[in-house]
Every structure is written in structure tokens, then in C-alpha cells.
Amino acid sequence: MEFTIQEINNRTDLLPGITLGYRIHDSCAAVPMTVKAVFQFINGMEPFFNDTDSCSKSAAAAVPALVGETSSTPSISMTRMLGLFGIPQVSPFATCACLSDKRQFPAFFRTVPSDHHQAAALAKIVKQFGWTWIGAVRSDTDYGNNGMAAFLKAAQEEGICVEYSESYYRTQPRSKLERVANVIRRSTARVIVAFLAAGEMKFLLQELARQPPPPLQWIGSETWIIDPEFLRFNMCAGAIGFSVPRSVIPGLREFLLDLSPEQALKSPLLTEFWESSFSCSLKGSSEGARECNGSEDIRALQNTYTDTSQLRITNMVYKATYAIAHAIHGVVFQSSKSQICSHFFKLYVPLQILDQLKRVNFTTNNGFQVWFDSSGDPVAVYELINWQVKKDGGLDFVTVGHYDSSRPRGQEFSMSRAISWVGGHTEVPRSVCSESCPPGTRKAVQKGKPVCCYDCIPCAEGEISNKTDSLNCVNCSSEFWPNTQQDSCLPKPVEFLSWDDTLSIILTAFSISGALIAVCVAAVFYKHRTSPIVKANNSELSFLLLFSLTLCFLCSLIFIGQPSEWSCMLRHTAFGITFVLCISCVLGKTIVVLMAFRATLPGSNAMKWFGPPQQRLSVLTFTLIQVLICVLWLTTSPPLPFKNLKQYKERIILECGLGSAIGFWAVLGYIGFLALLCFILAFLARKLPDIFNEAKFITFSMLIFCAVWITFIPAYVSTSGKFTVAVEIFAVLASSFGLFLCIFAPKCFIIMFRPEQNIKKHLMGKVPSKSL
């Protein structure tokens, strides 16, 4: 401040003809001392201009503006009193967000950003590096409490959880400090945010050094993150935090080095500095120490006084002093020069300076723009500081990023170089209460713990989560099913009895074999069509029966393959019609046997009423009835393919819907009716005394047929998918083979292997005399 005032007084464009004076008071970081100094400023106990011009002749006058304080709590006390008199206060380092409330603190301004911005920036940093489980320590002051409250609010919005939040003030009992240190040592959080003033931070690090905790990633506030005194604590290696930008003030280093013993004697503070730096005593300042002989060279010192490489808060003082000077310039030169002295020290002048401070907008000599918003705050600009290990093993401040609140939302933060983390590692340390839940699981908050502590619960059946840390699982659509990891929905496999299925191959082989055998038997019968055994067994109905059995064998192939509209309509109708044709032939043969027996009785002409024309008509009639049933079924509600999504959750059954259940059971019922009728007639004729009587074989065939289809009903109802189709095919093939073997196998055996029995004489010799 002294350097800046000297620089302003030497300028001709700013306050020309006016010399600024100053008084400096030390608050000793204590509120009572701060209040005492404020009263002295307000009451004007001593004149503070040392010039000999006319203005100095004024009696003790109130100070028109103040630079300070550097701490938030003393600043609050100051501005509450200064605001009553309208005396503006420009602080270079009081960051408490509470001071932005103009209703409470109308006369407060500052050149350092509010902690509101720092807290938001710290929360963004924590979120950016994936830390969701942190510890928090703060100074038990307005600065620490308000700053931490702002940070915790921002952290909560970012989804960050705080394991503990402890406070400490340097005047509190040591037991409180030990308790805070033990909480840090026992915690599971590996990242700690410290909103501490330098005094509290020093005590805390000293206490932790006695029994070091596991390596911690420190996140610091601006008060200590750039304090060189803490670089000696190696446990803070890798610490990061925000600070006001570093700057260069032209001429300041020369001003500081231009200090003589005579100048040092004028100030108790400088006297103490000189004597401690050179271990000597200035003349008349103290007794018992070596007297300074004038050979002391301040330029040879290597301490914080001569180090101007980290001018951060210093620049805030520089800007604050210039802001007041520009405000005074605006007030003074609103009046004529003759009125300056008469009006300058009146009570309303501080109010005018206060008003002018709201309007200041200038650029300092080192290139920083200065202006205040409606809250008396500047634009928040920070550097991200990282404590990196140097080659010699020491720590140094390195700027690794920037934060500018004037940038568009979401673009405020930018990185300029890599960060060295705790322990010198390049990998970002992890600090989470619970590890991230992988896709396929969802988070379930642990009872009584923060939301960042959770269990990973696998998604329920049919649900997925395709993101890390999903709160909920979602259902797959009806035609999709989760994969094994339950992180994506895959199309459900479509199941039907395909041609390449092993079961299909077996059934196809039986079907084609049955059809070929039926064709071969027909060929044998045709070759031996003039033989007695073929003639005696109604060759016309036998050939028609063989033809229908061939169709029955082949119609089972329609059931195999992917269902389509034509295959669904054809498979049930073709099956129903061919089987009715087959049963009609068997029924005709049964009736012929009965009529033939009655024709042998004296005076009977039964065969005249059931000759070949009547046999053909009966077969045609029985078959047309089934055709009519199928036509009605297909026209009203035909069987169509549909995707069965309810039978199995994890796959789709592609099957043929029945359409009309009445039509389906009408077709089966009609077949069953004819089979039952045929069975009854064959059973009645089973003991007829004729070697060519087929009634026994028809009875067995119908018995097999009915047994197969009675068994089919519960099997059909209890199975699903391709096995339902397989049951249908098996029933068709089993009943077809039953008819074929019972009716045609004995005759083929005689024709092929017992030709001596296939003669009329042999057959007639077996017939009783009454039948002849």
C-alpha cells in the first residue's frame, strides 16, 4: 500500500495536485483490536497528513476510505461500523460470501473474489476427478463456516458426499485439535477439503505430523494453498487449490530493497524486521544485542520480504489502493479546484467516494482490470495451484489450470498442464464410499448412510442397466431379453421346429420312410392285383387307403419349418382331410366285411346296397363333411402364425395360432367320431368266420389310432413351442404306421413270403361248409 500511494502521488494524471496520506494499524488478527482501530479512524484522533499545505491545517479528520481487513471476521466487524457513516472499505483478502450482502454491508468492497465462486470451483474440481467421498475441515470462523457451507451446498448439487465436516479454531483447547486429527486418521475418505485459515492449518498439520494418516489428497482454500510456510509439510505433496492469479508489480522489488536503517527506525514493524533479519540492534531500539554497523545488505537476504515471485494477495492490495484513488479522483474533480479543500473533509465526502467506487473501471499499470459488480465483488478469476515435488525433493507451487467465472457456463475451468497427485503419482487417486456399480446392476443406498454409500444390486429378471451407477433398471421391450451381463437388450431367439433340428430330421426320416413304404406296398398290390388275397380284400379301397396313408405320412412335413400363413392353414386342414379320407376307407372296408357276411346268408341281398358305387360315395361323403368343416374354419377364423411371448420370458415361440378353437376341435372331433364308429363296427365283426375277414386287424388298428390320439390331447396341452409341433407330427406318424402295419403288413407278408397261401384253393379250403 505504501508503494502504491507513493506511485499515485508521483502521477500527474491521477489526483494531480493532491497528495494521499495514510495510517496503518495492526489488528493482530483480533476483533477487539480491529474495533479499536476503526474507532480511531472514524474519530480522527490524530492528524494523518504530514504535508505542510493548507489541507493539513484541518483538525483531526475522519478517514474517507480504508484498505483492509485481510480476514473475514474482522472485516465484518469493521464494515458494520463504517457502514453507519458511509465510509467505504476495500478489502484485499476477506473472501466470506456473506460480505456480498449489500443490505448488511453497503460500504464493503473487495478486490479478491467471493468464496461463493471458490466453493463452486472446488466442487467442480472434486466432481471432475471423480471424488464422491470426501472429508471436510474448516476454521471455526465466519470465513471457514460460510465458505464450507457454500462448498457443501455446491458439492451436494454435484452428487458429492461428505464423510465428516469438522471445525477448529486456534484458540480452542488442544483436545479439540486432537479430536479433529483423529477423525481424519480414521476416515475412509482419501480426499480432504480444508477451508482453513493459515493459523488453523499450521496447527492441524503439526498435529497430524505426530502420527501421519494414510496418504491424503489435500484440496486447499486460497488462504493456505499459496503460503510458502506450508511447503515444509511433505504430507501435503500433490495438494491442489485455487488462488488469485500471480502478478508482477513493476518497481515493487526496487522499492522494497531501497530500505535503509534510518527508514527502518521510523516504523516499529520495520525495526523488528531489520533486527531479526540481520541479528543486530538498531541504534536506540534495544539493549544487549550487537549494534548494526551499516554493512547490512538487504539485497543479500533470501526471505519472503525480498521474494516477489509470488505476488498474489500483494496485487489485491495494489488494486484496492488504486480503486480508492480513482474514487477520490472522481469525487474531487466533480467540483471546481477552489472548492477542494473546503469540501474534501466534510462528512458527505465518504458517501461520495462510496458512490464513486461503484462506478470505477480502470486498468492498473500491470494490466489488471478493476471494477466492482452490484455486490461490490470483482470477477472471479483463479489459478489452480498444485504442490509438485522439485528435483531437489522440495515442494513448489505450480499453476496447472485456470478458472474464470466470466466464461460461458460449463467452460469456466480449463487445464494447462498435468497434475502431480499425492505421493507424486500421475494417476488420479480414488476416494469413493462405494465402488461404481457396473452396467447390469443398480444402486441401493445403504440404510443410515449418505447416498454415496450403496450396494450394487443385480437387475431383476428381464431388466437391464446400460450405464455405470444406474439408479434404476429398465425393462426390455416384449421382443427383447437381457444378455448375460444384463447391460443390453438383445432380440429374443425365435423358436420353432426348424429343418436343421435333430428332432425334425428324425421325424422327416420317418415321414418319408412311411410314404415310400406305402408307395412300395401299393406297387406290390398293383403287381399282384389279380391274386386272390388282393381281390378278396377290396382292392379299390385298399389302393385308396394306401394313397391316403401316403398323404398322411407326407402331411407331417408341413408341420416342420417356420410357420407362415399358408403353412398354418394348410397343416391343420391337410391333416384333417387326409385322415378323414384314411378313416373313411377303413370304415368302408369294415362295412364291406359286415355286408359280405350278411350276403352269404340265404335270401340276403346286402351287397346290392353297398357295392363299389356306394363305397366310393360313402368315402366321398365322409371326406366332404371334413372339407366343409375346414372351409368354415378357414373363412371365419383361420389359424395364423403368431409370436408367443407369454410361454417363455427369454425366448419367442413362433407357432400357429388355432384361430377358432371350435374349428380345431371340430376337425379332431370328427376324425375321432369316424375312428370310434369304425372301431365299433370292426369290433362287432372281429369273430366272423372268414380267413379274409379284416375286422380283427381293423380293430387293432383303430385301437392303436384311438390310443394315440387320446394320448395326444394331454401331451398337446402340456407341451409348448417346437415340442407341441413334434407331438402333433408323432401322433400323425404313429397313427399312420398303426393303420398301415395292422391292415397291410399281414397281406404283404403272405404275398412276398407265403405265395403258396395266395391261391384260391387254399383260401376256399379254410372256409366252413355253411359259408360256402
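Serine 618 is buried, with a relative accessible area of 14%; buried denotes under 20% relative accessible area, computed with a 1.4 Å probe on protein chains only. The model is predicted, so local features need pLDDT of at least 70 and side-chain atom pairs count only at pLDDT 80 or more, while totals for chains, interfaces and linings use all residues. Residues are numbered from 1 along each chain as its sequence is written, and side-chain values use heavy atoms, with hydrogens and water left out.

Serine 618 belongs to helix H19, residues 612-636. Helices (H or I, at least four residues) and strands (E, at least two) are DSSP runs numbered from the N terminus. Between the C-alpha atoms of serine 618 and serine 584, which are 34 residues apart along the chain, the separation is 7.5 Å.

A nonpolar core is a set of buried Ala, Val, Leu, Ile, Met, Phe, Trp, Tyr and Cys residues joined through side-chain atoms within 4.5 Å. This core has 65 residues, and Phe744 is one of those with the most contacts inside it. Its largest share, 14 residues, comes from H22.

The chain also contains an open sheet of three strands, in the order E20-E22-E21, with mixed pairing. Two strands pair if DSSP finds at least two bridges between them. Strands E20 (494-495) and E21 (641-644) stand at the edges with a single partner strand each, so one side of each is left without a neighbour in the sheet. E21 runs antiparallel to strand E22 (residues 652-656), joined by four bridges.

How values were computed
Buried < 20%, exposed > 50% of the residue type's maximum accessible area, 1.4 Å probe, protein only.
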